[in-house]
Amino acid sequence: ELLRLQLVMGRTRRMREGKDAPAIPFDQDATKEFVDSLPFTLTGDQKRSAWEMIRDMEKSAPMNRLLDGDVGSGKTVVAAVVAANAAQAGFQSALMAPTEILAYQHYKTLTEMFGRKVRLALWTNSYKRLWSGSRETECKGKDAVVRLAERIADGKVSVVVGTHALVEKTLDFDRLAFVVIDEQHRFGVRTRRLLREKGSAGNTEPHLLSMTATPIPRSLALTVYGDLDLSILREKPKDRKMIETKVVSARGRRKAYDFIRGQLQDGRQAFVVCPLIDKSDMLGVTSVTEEYERLKNEVFPDIEVAMLHGRMSASEKEDIMARFKGGDCRVLVSTSVVEVGVDVSNATVMCIEGADRFGLAQLHQFRGRVGRGEHQSYCFLFPATYGPAVRERLGIMEATDDGFVLAEKDLKMRGPGDLLGEEQSGHFPALRMASIADMDLIRDARVVAEKILEDNTDLSHNPVLKEYLGESLQETHLE
């Protein structure tokens, strides 16, 4: 089983190494000017990761790097530094995010960072926008959308942010040299491949950066991503405070609400996350619609409460997020659409209903929506059931806010997921007997795989082994 894993990864790596990529020169002066213009100081991890990527992209072999950062560690600004250097050299970059909310936020964040320096576009099913010279143009109507597509195809737009809409056949690039996939596990393999192909010509393909805000345990990274260049962001931005976390029983709910009211009266804001949109008697967990009505009418009748979920239209979601970010509404009741990327520095409270229904890594993602400003922040976990096992597991959240520690615990409890193939969910079907924690055996399997592939990359000398690997040879991804 471990040999199969290592053969597939090794073969995919060899295929990548046979490709060419645009060599992007490092413009030290322009990069320093861009970094100095930012309203904050980069952490040591951010500087090191950006330099690793810039150095990779100076070479004519495709970069294939994973940026693994804890919640709030500042992955977007690292990608921005690298994209700005590529733009300075006349190349284009594309950043693909899994949801329109996150794509829109990345676009807004980048417009603030780039200012007049870089021309930027947003391309999703609902949004088509151009940022040029510190001015935004909303492209409405067929003619305006066609003109924006033409500017991207002509290379007049340096950075394009979007969702899976970036792989549409109607969208072409001129010199796409840098592809960023945010929350890469949320996309299918084919979607990621199609985006990379937008910058492919002949034997040339773009440099690739995959980003994940789900810290990957070191044991898992060494096993699966061992043939992939890995940059890790562990440092939090300066002055970032630890988020105080509390598991709340049914009896403690009233006291928690009194505390939250105090935060709201002090001018702060709160998120409330629920597992479902609508009520379900079978599951017995709180839904967004129920909780919204209860909080609005019973708990905080004098405070503006809003609701957000995935069935709303893009314009509705944008309007609600704008109202919440602007402080017009104080409590946002939402599904997991706020899991990644949403950044409201004035929000200091995260309440998670049905907390026992989520894994530790996802709870950590939710918690990371607060604690992004100067004020102390808090996370309240409201489990649907409150037995000893739930109390023990959620107690880990109280004990640490280090995502890498939580990821190790989550791996032991929940398994690594499907590491090969397109599903990427559930337990890894290829490891029914082997253990992902058996590092010595994994290293032995890698040595044997390398020997087999040394002069036999297509496995033509080993037809039985090739048959055993099967379809995974075509579908496996390194990123």
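This is a predicted model: local features need pLDDT of at least 70, side-chain atom pairs count only at pLDDT 80 or more; totals for chains, interfaces and linings use all residues.

The buried residues of helix H3, residues 44-57, are covered by a set of elements that includes helix H2 (28-37) and helix H4 (75-88). Strand S1 (64-69), strand S7 (176-182), strand S8 (207-212) and strand S9 (229-233) also belong to that covering set.

Which residues of H3 are buried? They are Asp45, Gln46, Ser49, Ala50, Glu52, Met53, Ile54, Asp56 and Met57. As for its geometry, H3 comprises 14 residues, and the distance from its first C-alpha to its last is 20 Å, close to the 20 Å expected at 1.5 Å a residue.

I turn now to the sheet. Six strands make up an open sheet with parallel pairing, and their order is S10-S15-S14-S11-S13-S12. At the edges are strand S10 (244-247) and strand S12 (305-308), each of which pairs on one side only. On average, neighbouring strands of this sheet are turned by 15 degrees against each other, direction ignored.

S12 runs parallel to strand S13, residues 331-334, and four bridges join the two. Within this pairing, leucine 308 has serine 334 of S13 as its bridge partner.

Finally, which helices lie across these strands? Helix H9 (residues 253-265) lies across strand S11 (269-273), S13, strand S14 (347-353) and strand S15 (378-382), and runs at about 150 degrees to S15. Helix H11 (residues 314-325) lies across S11, S12, S13 and S14, at about 145 degrees to S12.

How values were computed. Residues are numbered from 1 along each chain as its sequence is written. Side-chain values use heavy atoms; hydrogens and water are left out. Two strands pair if DSSP finds at least two bridges between them. Axes are lines fitted to C-alpha atoms, for helices over the stretch in contact, and angles run from 0 to 180 degrees between N-to-C directions. Contact means heavy atoms within 4.5 Å. The expected span of a helix is 1.5 Å times one less than its number of residues. Buried means under 20% relative accessible area, exposed over 50%, partly exposed in between (1.4 Å probe, protein chains only).
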